[in-house]
Each structure stands twice: as structure tokens, then as C-alpha cells.
Amino acid sequence: MSMHNQNGSFEDGLRRVAVLSADPVLFMDLQMMLQEAGFDVVEVDTFESFATSDAPVSSAIVDVGEEPEAALKALMRLSSEEIPHVVLSYEAQDVPLALAGSMLRGTLYKPVCVDELLPLLGQSLPG
């Protein structure tokens, strides 16, 4: 798993967002938006690597995209570890109701608008 953030420090997990996406262009767009808003961004290369990740994050963004089965495993991990998350999908994709627990902060359709995403992440931050 490769991790990217602005200052190289993982001391403060309060504003650290994991981005799980198989789409490098979407990741770069999200990274730019989130860093401009003051978040550290952790890139998760594969959904499987997140399933074994110990990187402390305050919330996560999961792109269901082209790998819905792998994304579902990551979503189950996020729910079980009580990490707030936002799901990105195409309009034709549905997130199973079983995964719509208290940690799911919202589902957005692509393309993502920063004005829709940031309030969801704001709700998902502790404190």
C-alpha cells in the first residue's frame, strides 16, 4: 500500500482520508480537492490492501467503480472498524442495504462535486 499526504506525518489522524479507487485519474482529482480543503490523503492501491491496512484514518472514500465485489469487502471492513465512509458509484450501481449502516455517510454518483463531498466528510470527522 502506498500512502501519500502533504507533510509526511501520520501524527494527527483527525483529518486523514483514505481513498480507495482503482481509477488513478479519479484518485488524483479527489486528492487535489481534499488537500485544498485541508485533509491529508492516504491512497490505497487495492481494495485487498485496505482489508489488511493498519493506517489510521478518520474517514474513507470508496469508489465502487469497476471492482464492486472487492469494494464491498472494503466497505464491510470500514463498517466493522467503525470508520465513517462515503461511497462513489455510477448511477446504475446500488450499494447493498446491508452496508448502509451508521458509518455510511452518503453515496455520491460520479462525477463527484467537491461541494457535495466535503459536507459528508465533515460529518464523518470525530469530535
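Buried residues make up 47% of the 127 residues in this protein chain, where buried means under 20% relative accessible area, exposed over 50%, and partly exposed in between (1.4 Å probe, protein chains only). Keep in mind that this is a predicted model: local features need pLDDT of at least 70, side-chain atom pairs count only at pLDDT 80 or more, and totals for chains, interfaces and linings use all residues. Residues are numbered from 1 along each chain as its sequence is written, and side-chain values use heavy atoms, with hydrogens and water left out. The accessible surface of the chain comes to about 6,600 Å², and 54% of that belongs to carbon and sulfur atoms; the areas come from the Shrake-Rupley method with a 1.4 Å probe, and for residues only the protein chains shown count as cover.

Now for the layout. The chain holds four helices and five strands, in the order β-α-β-α-β-α-β-β-α from the N terminus on. These are DSSP runs numbered from the N terminus (helices H or I, at least four residues; strands E, at least two).

The five strands form an open sheet in the order β2-β1-β3-β4-β5, with parallel pairing; two strands pair if DSSP finds at least two bridges between them. At the edges stand β2 (40-44) and β5 (104-109), each with a single partner strand, so one side of each is left without a neighbour in the sheet. Neighbouring strands are turned by 20° against each other on average, direction ignored.

Start in the sheet with β3 (59-63). Four bridges join β1 to the parallel β3, with Leu20 opposite Val62. Another four bridges link β3 to β4, again in parallel, and there Val62 stands opposite Val87. Five of the five residues of β3 are buried: Ser59, Ile61 and Asp63 on one side, Ala60 and Val62 on the other. Further along, β4 (residues 85-89) pairs with β5 in the parallel sense over five bridges, and Ser89 has Tyr109 as its bridge partner.

Next, the helices. Helix α1 (residues 24-36) lies across β1 (16-20), β2, β3 and β4, running at about 165° to β2. Axes here are lines fitted to C-alpha atoms, for helices over the stretch in contact, and angles run from 0 to 180 degrees between N-to-C directions. Helix α3 (residues 68-80) also packs on the sheet, touching β1, β3 and β4, and its direction makes about 165° with that of β3. Together, β3, α3 and β4 make a right-handed β-α-β unit: with the strands pointing away from the viewer, the path from the first strand over the helix to the second runs clockwise.

What about the packing? The largest nonpolar core has 17 residues, and those with the most contacts inside it are Val19, Leu30, Leu34, Ile61, Leu88, Leu117 and Leu121. Such a core is a set of buried Ala, Val, Leu, Ile, Met, Phe, Trp, Tyr and Cys residues joined through side-chain atoms within 4.5 Å. Two or more residues come from each of β1, α1, β4 and α4 (114-124), and α1 gives the largest share, five residues. Not counting residues up to four places away in sequence, Val19 touches Phe27, Leu30, Leu34, Val41, Val42, Glu43, Val44 and Ile61, contact meaning heavy atoms within 4.5 Å. Apart from this core lies another, of 15 residues, among them Ala60, Val62, Leu78 and Val87.
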